[in-house]
Amino acid sequence: MKYLKTKISRVIEAVVPTVKVIGLSLGLSSAFLTQSHASSYNYLVVNAQIYTVDKKMPWAEAVLVEDGVIAAVGTEKQLLDMVKTGVDVIDLGGRMLMPGFQDPHLHALEAGINETVCFLPAEGSKEIYRQEIAYCLGEQSEASWFMGAGVSMPALLETVESPMVFLDQLIPDRPAFILDNLGHGAWANTKAMEAVGYMDFQATPEINPPGGLIGRNPVTGRLTGVVFENAQQKLRNAALPPTKENVDFAYESLLQALDLLAENGITTVSDAGGYWPRGHQDAWIRAEEENLLTVRASNALYLYPDLPFEEQIVEFQKRYSNDPEKLLRFNQAKVYVDGILSQATGALYQPYEAKLDLPKDLQRGFLYFEEEILFGYVSALEQLGFQVHFHATGDRGVGLALDAVAYAGKENPPTDIQHRITHLYLVDKKDIPRFSELNVITDFQLASSSTNPDTKQYLAGFIGKRSENLMPALKLYQAGVEVVLSSDWDAEELSPVMKIKAVLTQRDGAFDQVETVIEMMTLNVAKLLQHEDKTGSIEQGKLADFVVLDRNIVDIPINEIGSVNVEATLLGGEPIYDPKGLFD
């Protein structure tokens, strides 16, 4: 590690201090309120079932909002007696009011973009792909690159002997690539492979690009046109460079996604994409500058395994922002440790099933970074003030993420920065105590599809009996580990109420308290994203980020929670979604 330490100290010219969240009071400046998307009028909410997520007073009858800040919480009589003339009274007709949902792992901007590409079935025949692509070619006739999404790469390789040759036949005149249905692979034609230099790997069968894998026919050794993990990013970057047209498109896609977030009662997010070479950061900044940003966002920047260490650290330092008085911050670093279990790229302590006949160097999965480089990056990013958002699915991937945090803790001065690991399909029991020891948060996406019998049976073909212990969120929670829940939209369902139902109805390892799950989607996320002193619960002095539901999800049967409707969403006291005019 000696060489790496020298590089880090040379690269970081000035360590950006971590900005601590400023506490709120009722005397906040108008400048702060404007930046925080706060309302300038006062109102009292009554006739509501108010769940506060405040253990000192879990339920209330009324809440007073002044200039976007919660001025008082209590009974209707208490607050009606204290309000002055000129304060509007909002009667919610018995609806539920609670803190706005906070989603710490989603892909908002990409979700909007993905609505416009050619969407193909995950498993299809050659004839289906031929028909669908022919139709989409008409839709993308003016584009310099053809883009699609949705195909399962393992299924494609079983269906089409040479995917690259097949795609060449369908699209011979321009680069074309089709993303997989999981975000970990892509299918490209020859022109696309040439555009990013991947055809050069035909002559070097033992070499892959950093953090990626180039698919080859196991018999002939020829390139298949299918690439995995970070290798897809070069194709994406080439197809969507940060031209004005592309950045404008990304911006419009983001605005569409913001509307969906508001409709689902979501007031805080952490966008986990962060593909800064494509201008994605610029789109978010523009939304804030034009006063169209309707969430608090603590977003990530993606760490590329194939870019030089020094260059990337300087880039991250330049792009870092953590002003607690703004809606938008870029204070997260998205670091992939491994891939996914269903492609045998999740990193495991013990090998994948022997019947997969994997190459010797991939029998325990795949790593995006060499260990020394991973540790060096995490240490350097922590010095810059970033919270590291690790992607890890396999137990070895999780263990390496914890090792990296431990290394940074030894190399850097003490810090209150909390890092997190997301996905965690497998966690080794020996690593469970380390989460609390290292102050690391776990971030799970407990969608109904994640741990159902079909998923377990499918993954058993890769990891055997280990598939019986997927996503052990309850086990970690019971061990005292901090847990948050996220959607990973648009890979999974966005709706928070659907998420709550899914978490409470897991066949194995289900949580049994609605209140616990709500806390994991509100206050716990606020703690993770370093703004728990102003969001995450309904308490005096915090910002009025609320969601209004048509029914009380704590009281109704669990199987009805998924059908509950969001009727209003408020950010800083201002309605950002209110189709019925409840707050007019």
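**Exercise 1. What is the torsion about the S-S bond of cysteine 118 and cysteine 136, and is the disulfide right-handed or left-handed?**

Before you start, keep in mind that you're working with a predicted model.

*Solution.* 
- Step 1: find the bond. A search of the whole structure turns up one disulfide. Cysteine 118 and cysteine 136 form a disulfide, with their sulfur atoms 2.1 Å apart. That passes the cut-off, since a disulfide needs the sulfur pair within 2.5 Å.
- Step 2: get the angle. The torsion about the S-S bond of cysteine 118 and cysteine 136 comes out at about 75 degrees, so this disulfide is right-handed.
- Step 3: Cysteine 118 sits in strand E9 (residues 118-119) and cysteine 136 in helix H5 (residues 126-139), so the pair ties together parts that are 18 residues apart in sequence.
- Step 4: check the surroundings. Cysteine 118 is buried, and cysteine 136 is buried too.

**Exercise 2. Work out how glutamate 315 and lysine 318 are placed in helix H12, and classify each by accessibility.**

*Solution.* 
- Step 1: look at the contact. The side chains of glutamate 315 and lysine 318 meet in a salt bridge, at 3.2 Å from N to O.
- Step 2: look at the spacing. Glutamate 315 and lysine 318 are three residues apart in helix H12 (residues 309-319), so about one helical turn separates them.
- Step 3: classify. Glutamate 315 has 14% relative accessibility, so it counts as buried. Lysine 318, at a relative accessible area of 62%, is exposed.

**Exercise 3. Which helices hold aspartate 403 and arginine 434, and how many residues apart are they?**

*Solution.* 
- Step 1: start from the side chains. Aspartate 403 and arginine 434 meet in a salt bridge, with 2.7 Å from N to O.
- Step 2: Aspartate 403 is in helix H14 (residues 395-411) and arginine 434 in helix H15 (residues 432-437). They're 31 residues apart, and the pair links distant parts of the chain.
- Step 3: classify. Aspartate 403 counts as partly exposed at 29% relative accessibility, while arginine 434 counts as buried at 18%.

**Exercise 4. Which residues do salt bridges that share partners join into one network with Asp54?**

*Solution.* 
- Step 1: list the members. Shared partners join Asp54, Lys56, Glu539 and Lys542 into one network.
- Step 2: pick out a link. The side chains of lysine 56 and aspartate 54 meet in a salt bridge, 3.2 Å from N to O.
- Step 3: classify its ends. Lysine 56 is exposed at a relative accessible area of 69%, whereas aspartate 54 is buried at 10%.
- Step 4: The structure holds 21 salt bridges.

Notes:
Residues are numbered from 1 along each chain as its sequence is written. This is a predicted model: local features need pLDDT of at least 70, side-chain atom pairs count only at pLDDT 80 or more; totals for chains, interfaces and linings use all residues. Side-chain values use heavy atoms; hydrogens and water are left out. A salt bridge is a side-chain nitrogen of Lys or Arg within 4 Å of a carboxyl oxygen of Asp or Glu. Buried means under 20% relative accessible area, exposed over 50%, partly exposed in between (1.4 Å probe, protein chains only). Helices (H or I, at least four residues) and strands (E, at least two) are DSSP runs, numbered from the N terminus.
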